[in-house]
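Opening the notebook on this one.

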Amino acid sequence: MIQNLPWLFLLLPLVVAAIDWLCFSKCPRTAAGLSTLSAIATFALCVAYLNGWQTGTPDIYTWLPTATEGMTSLSMGLVTDALAMRMMLVVTGIGALVHIFSLGYMKGDSSNLSRYFAGLSIFMFSMSTIVLADNLAMTFIGWEMVGFSSYLLIGHWFHKDSAADAAKKAFITNRVGDFGFLIGILLTLAVFGTITFAEMGGKAAGIAPALLTATVICLFCGAVGKSAQFPLHVWLPDAMEGPTPVSALIHAATMVAAGVYMLVRLQVSMGTEAFTETACITIASVGAITAVLAALMAMQQDDIKRVLAYSTLSQLGYMVMAVGLLAGEAAMFHLYTHAWFKALLFLGAGAIIVCCHHEQDIWKMGGLAKRMPLTVLCFLMGTFALIAIPGFSGFFSKEAILHAALETSPVFFWIGAGVAALTTFYMTRLCLVAFCGQARDHGAAEAKEAGPTMLLPLLALGVMAIISGYGFIADFLVPYAGFEAHGFELGLPFYVSMGSLALGIIAALLVYGCGKRTTDPLAGNCLSTALRKRLYIDTIYDKGLIGGIQEYGAQIIEFADAALIRGVIVQGFAWLTAKFGMLLSWIQNGSLRGYALVAGIGIVIFVFILAFTIPTL
Amino acid sequence: MTPLAHYLIFSGILFSIGLAGVIIRKNIIVVFMCLEMMLSAANISLVAFSRAQGVNGIPVYDAQVLALFIVAIAAAEVAIGLALIVAMFRARKSVESSSLNTLKD
């Protein structure tokens, strides 16, 4: 019985979501309290497991048994190994903090809070399913469920058209990747003969490299969708239409990292030999392209949440690149530190947005450092971690990735360094514009410090943003045998990242000064317009892909409808019948003599047959 | 004694003329007369068979009885047919067969 305790990670949030929605949809305070309690309970359980509490292996339930021998039956089991439990710590930890933050953030919101908290709980359930799944089928179920809960939460304010559209866009874009993922799962079943992680080990050796490449790349498609990699990255910036705590939990810290987690999980269970060179180069290139493009686009965004969204894309690109360079431990390390500091940044942005009366444009803020110092301080902690100032968590994980890149492939190392410079530039720009100088709008002028339910999670995350990179936490968090957090190691990566850090800060200071400017000096030229318009990728998708598909699809359907169904089947048969009838009606010409002629000829033929062909009786 | 074939050829010619008349002529009364001619052709061949099958100068009377039946039926047919033609003339003021095409139009 006790060994099945990990199932609580899944069932508790699920049951709470059901109760919230079915019983307490009219009393949001109870619903919010229940959800928050369940998040804290799962967090506590997770901490207990991490501290060495053992309950044995959880039972595996056979879900779809197979009658014939030798076929794989689908089962539902949990893995509670180090990798999964550490990931659970991130999910439940940030989840609990976001629940608490939401209590403050959603206060006074007119929408249905029970629905919001039920959505959060559903998300906790689905995310735990992905993390704890012991086979790919179960991962896929969680995969779809997080897509669904993300849809619910992005579209929480569904009366706004933009939110409803963004929810739809996120869901549909994810479906594209999920389809590849599904093919990948089936390929895995065909190639490895199993989809259970524990049974995949060591089977990659005897398999043709082309098959392995196809399998890994198909599975990677799922990560491209969920982790919003190029070319399916378009949904993530739009997903910022959802409430800010949701952006922090789902679209920065946990769900979008699920793709990276899944890839690392595969790397661990299949073995790195399953990741062929072609597959690795593909994965690393996609990650690098995403990192560069997203960092470029982030430089010219004005919405504080969009800047953070593009920064998330860029950091996810970093992680995926690390996975492609077979540096799963560096990727997971960056995932951990990034989860804390990016959640911090988003929650900080959420607090700022609430305090500025729902103003998201950084050019209408300004001077916030004086008005809400504690929030801004926390936000700065996150920023320092993100731009990898030595001593903050992001520095260590970024160093780990750069080290891995330098060892494997210097090209990716220099790309990573360039992205680091860009990251520093846009984050410094954000901070200078929003926090320094004078308030440029009345919303910012009237801003006051956020309430305790918002500040508390911020402070907790701020602490984590600093310490999560140090050895005593990091070695404990990253479950790879022999993993060591990088300290202050002098060497090429250190100098290069210091160089890009300095470059980014100096460039941003030169361009934006100390917050005296009221408009962006870089805006106006064609390059910045292109970056502002997201390099026209969304436009191309809208016009070319979706418009084209709809246009041509409509034409094909029109052709099938008009020509085939209406023309050939309906009208064609009618025409045939009519013509045949006309032919027959020519015989019925109403001329008595004609009938007599036919009857006469008939009789002659009849007599002829009777008299000459049938033998005499 | 005239051979049977002569009778049959005569009967065939008479029948063909009757059939041609039925097919070609428009006037229903003439068509009607041609029909009677075809019946007569049949009668002639029956009587010819009756004589040809006879033994010792005595014909087989079965066929001749049949010929009498045909004459009787033809008489009844004339009664009905002429009545129909009169009725048709009253309705259409015409005895042309080509005017009997109301159903087609």
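This is a predicted model: local features need pLDDT of at least 70, side-chain atom pairs count only at pLDDT 80 or more; totals for chains, interfaces and linings use all residues.

I find the axes of α13(A), residues 328-355, and α15(A), residues 373-386, coming within 9 Å and crossing at roughly 145°. The crossing is left-handed.

Next I listed who makes that contact. From α13(A) I get Thr337(A), Phe341(A), Leu344(A), Leu345(A), Gly348(A), Ala351(A) and Ile352(A). On the α15(A) side, the residues include Cys378(A), Phe379(A), Met381(A) and Gly382(A). Sorted by class, the contact of α13(A) with α15(A) has 10 nonpolar residues, 5 polar and no charged.

Moved on to chain B and checked the length of α1(B), residues 4-24. Its 21 residues should span 30 Å at 1.5 Å a residue, and I get 30 Å between the end C-alpha atoms, so the two agree.

Which residues of α1(B) are buried? I noted Ser11(B), Gly18(B), Leu19(B) and Val22(B). Looking down the helix axis, I see these buried residues within an arc of 95°, so they line one face of α1(B). The face turned away from that buried side carries Ala5(B), His6(B), Ile9(B) and Ile13(B), which are exposed.

What do the buried residues of α1(B) pack against? I find α24 (592-613) of chain A, together with α2 (28-52) of chain B.

Last, the chain contact itself. I count 10 residues from chain B and 9 residues from chain A. The chain B side is made up of 6 nonpolar, 3 polar and 1 charged residues.

Definitions and conventions: Residues are numbered from 1 along each chain as its sequence is written. Chains are lettered from A and ligands numbered from 1 in the order in which they are written. Two residues are in contact if their C-beta atoms, placed from the backbone, lie within 7 Å. Ala, Val, Leu, Ile, Met, Phe, Trp, Tyr, Cys and Pro count as nonpolar, Asp, Glu, Lys and Arg as charged, and the others, Gly among them, as polar. Axes are lines fitted to C-alpha atoms, for helices over the stretch in contact, and angles run from 0 to 180 degrees between N-to-C directions. Helices (H or I, at least four residues) and strands (E, at least two) are DSSP runs, numbered from the N terminus. A crossing is left-handed if the near helix is turned anticlockwise from the far one by less than a right angle, and right-handed if clockwise. The expected span of a helix is 1.5 Å times one less than its number of residues. A residue is buried if 20 or more other C-beta atoms lie within 10 Å of its own, exposed if 12 or fewer, and partly exposed in between; C-beta atoms are placed from the backbone. The arc is that of the directions from the helix axis to the C-beta atoms.
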